[in-house]
Amino acid sequence: MIYTITVNPSIDYVVQLPHMTLGSVNRLAHTAKLPGGKGINVSQILNDLDQPNRALGFIGGFTGTFISEALKAKGLDCHFTKIADDTRINVKIHADEETELNGAGPDITSLEIDQFYQELAHLTADDVVVMSGSLAPSLPDTFYYDIIQKAKAAGANFVIDTTGEALKKTLPSNPLVVKPNNHELADYYHTTFNSQADIIAAGQRMLAEGAQHVLISMAGDGGLLITPEQVYFSPAPKGHVINSVGAGDSMIGGFVGTFAKTHDAVEGFRYGLACGSATAFSEDIATRAKIDEILPLIKIETVTK
């Protein structure tokens, strides 16, 4: 089983208009209400790949009810922990520029946290735990670290989509994969990159510090996979980027879901790139049809070390 954890999900209220003028009444051309959350995005991709998974996290109030019902309608296996406070609403404005207004998140009690941990009480060595997204302000800073220790004690693999100091604390526990983009990787090592070789060297350093695999997304310049044995590169497939939100989550879902089935990191890389690109070329998280359309466009090359 793959468990995805979204501790601070949201209703994403997406609004579109040609131009937004601050201080005035703006008429919306299109609106949509979507269940939002990075782990939820991963679960949707896993479902598309027919990979068994279970979505965990915290939900509460009428907003939480909307999320739960919307995800069940999509066929997701949801075991969210119910809380007393309301799940947040995020506003995504697509106008002259993309603007996001994100809520901080609900208050979560210690009793609710203990109830959540019961969902992880039966982890096995065959499981993977994927942690994605921000912590609600009321959660302890050690929340993800505590989950990692539970996964390690059970012999399960884990993935955490994070950056900076949080990533540094994670690496010694040997995450299955880390997925920085080239800018995040440069910031992590307080440097700048002048070539692909510089990026690869930094990725290999991250591997040496504990990651089992390193995925590096470089937007229009493609992606890299760094394993203990080899380095692989894939150019970015051509397409019209509609929405970048969720593309990184989709890449993780594609890699983890495929790796769980095949234990083949290169095949995971191929599906990860296809899923990430398919979402970027879609209005919402990619469908299986869109993934299958992109998959033949992914060409992977071996990079000489």
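Start by selecting A219: at 69% relative accessibility it counts as exposed (exposed means over 50% relative accessible area, buried under 20%, and partly exposed in between, with a 1.4 Å probe and protein chains only). A219 sits in the loop between β10 (214–217) and β11 (223–226), and its phi is near 50°, a positive value in a residue other than glycine. Most residues other than glycine have a negative phi.

A word on what you're looking at: this is a predicted model, where local features need pLDDT of at least 70, side-chain atom pairs count only at pLDDT 80 or more, and totals for chains, interfaces and linings use all residues. Residues are numbered from 1 along each chain as its sequence is written, and side-chain values use heavy atoms, with hydrogens and water left out. Helices (H or I, at least four residues) and strands (E, at least two) are DSSP runs, numbered from the N terminus.

Next, jump to H190, in the loop between α6 (182–188) and α7 (196–208). H190 is not a glycine, yet has a positive phi of about 50°. With 73% relative accessibility, H190 counts as exposed.

Now select 110–117, helix α3. Which residues of α3 are buried? They are E112, I113, F116 and Y117. Look down the axis of α3: its buried residues fall within an arc of 145° (taken from the directions from the helix axis to the C-beta atoms), so they line one face of the helix. Show β1 (2–6), β4 (53–59), β5 (81–82) and α4 (143–154) too, as these are included in what covers those buried residues; contact here means heavy atoms within 4.5 Å.

On to α8 (residues 247–262), shown with α1 (residues 38–48): the two pack at about 45°, axes 8 Å apart. Axes are lines fitted to C-alpha atoms, for helices over the stretch in contact, and angles run from 0 to 180 degrees between N-to-C directions. That makes α1 oblique to α8 (under 35 degrees is roughly parallel, over 145 roughly antiparallel, 65 to 115 roughly perpendicular, and the rest oblique). For the side of α1, pick K38, N41, V42, I45 and L46, which meet α8 residues including D249, I252 and G257.

Among the contact residues are M251, F255 and F259 of α8 and F269, Y271 and L273 of α9.
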